[in-house]
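Here are some questions and answers for a reader meeting this structure for the first time.

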Amino acid sequence: MMKPEAYTLFVASNRSGTFRKVTVPVYVLHLLAVLVVVGGITVMGAAGSYTRMLWKVGNYNTLRRQQDTLKHNYEQLQSSVQDTNQRLNSLQSLATEVAMTYGFMRFRQSPFGLNEASLSSNVGFDQSVAQFNFLEKNASAAALPMVNLQLLSSAGLGNLTATPTLWPVIGRLTAGFGERMDPFSGEGAFHTGVDIASQYGDAVRATADGVVIDASDRAGYGRLVVIDHGYGVTTWYGHLSTFNVLVGEQIKRGDSVGNVGVSGRSTGPHVHYEVRINGAPVNPMRYLRQAAAAD
């Protein structure tokens with residue numbers, strides 16, 4: 001029996017009562033069947049792709065929300081760490097000044113007794129904790145009148161040339177020691193030194209005799225020189241444009257250690273100058289004012 005080459009369809013109209021004969025070749029029916037199958041597969045594929053896209057969009061939105069949450073938590077943690085560091089610096093500075101003023105802490109008996117390890121944060125933290133514990137145990141002795149406190153006597157250092165009383169540059173004081181608004185974040189921060197504005201490239205002088213124990217790039221400070229003056233006293237010179245000294249070099253009061261620059265977190269040409277005693281930052285103006293009065 002031969003397969004038909006075409007199918008004949010009779011279409012009747014209820015309204016007019018007429019018949020219409022439609023002849024459809026077999027290959028047309030086959031083609032329509034193929035189109036139906038392909039169309040169905042296409043629709044199912046599109047539906048699957050759309051479903052997967054909705055799932056990916058949902059996952060992306062979830063990950064985005066998680067990222068925003070983690071970012072917010074990180075910012076809060078960073079703010080908490082900055083606040084803790086600010087309080088630690090303030091406490092460390094206060095503890096050092098009070099402890100030395102009333103003889104709770106004594107200077108090192110030999111000059112240039114510090115090494116690079118003494119600049120580490122762990123050593124500074126341990127010192128501040130020890131100072132705080134001592135002050136806590138001797139609270140009654142520390143609660144004395146704070147009138148005319150002398151941070152450091154000349155006799156305590158034993159050598160006037162080792163006392164950092166020289167101004168590192170001649171210029172205008174643009175930021176003092178202690179609490180201030182950070183010019184970059186706009187939030188409160190503890191400023192561990194003083195900023196002295198000067199012309200770019202001006203020579204930066206060592207404020208006392210000493211030995212260079214660091215001359216490198218430091219986060220925030222930019223190009224930084226640290227000098228050990230002995231008896232636990234160090235001075236820091238930040239935001240330099242160039243170095244004029246090497247680590248281990250002995251220098252004299254007034255020698256150039258570098259030049260004024262804008263390296264690090266700086267809003268303009270100036271020197272960030274610090275005085276630290278046993279790793280704790282203290283107010284440099286105690287020395288600079290005494291020097292100005294003496295002059």
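Q: Where is Y231 found?
A: The model is predicted. In it, strand β9 covers residues 222-230. Y231 lies in the loop between β9 and β10.

Q: Is Y231 buried or exposed?
A: The relative accessible area of Y231 is 16%. Buried means under 20%, so Y231 counts as buried.

Q: What is the phi of Y231?
A: Most residues other than glycine have a negative phi. Y231 is a residue other than glycine, yet its phi is positive, near 60°.

Q: Which strand holds T235, and is T235 buried or exposed?
A: T235 is found in β10, a strand of residues 233-243.

Q: With which side chain does the side chain of T235 make a polar contact, and at what distance?
A: Among the residues that T235 touches, leaving aside those up to four places away in sequence, are P164, Y273 and H229. The polar contact of the T235 side chain is with the side chain of H229, at 2.6 Å.

Q: Where is N278, and what is its phi?
A: N278 is in the loop between β13 (270-277) and β14 (280-282). N278 is a residue other than glycine with a positive phi, near 50°.

Q: What is the relative accessible area of N278?
A: The cut-off for buried is under 20% relative accessible area. N278 is buried because its value is 9%.

Terms used: Residues are numbered from 1 along each chain as its sequence is written. This is a predicted model: local features need pLDDT of at least 70, side-chain atom pairs count only at pLDDT 80 or more; totals for chains, interfaces and linings use all residues. Side-chain values use heavy atoms; hydrogens and water are left out. Helices (H or I, at least four residues) and strands (E, at least two) are DSSP runs, numbered from the N terminus. A polar contact is a pair of N or O atoms within 3.5 Å; within protein, one must be able to donate a hydrogen and the other to accept it, and residues adjacent in sequence count only if both atoms are side-chain atoms. Contact means heavy atoms within 4.5 Å. Buried means under 20% relative accessible area, exposed over 50%, partly exposed in between (1.4 Å probe, protein chains only).
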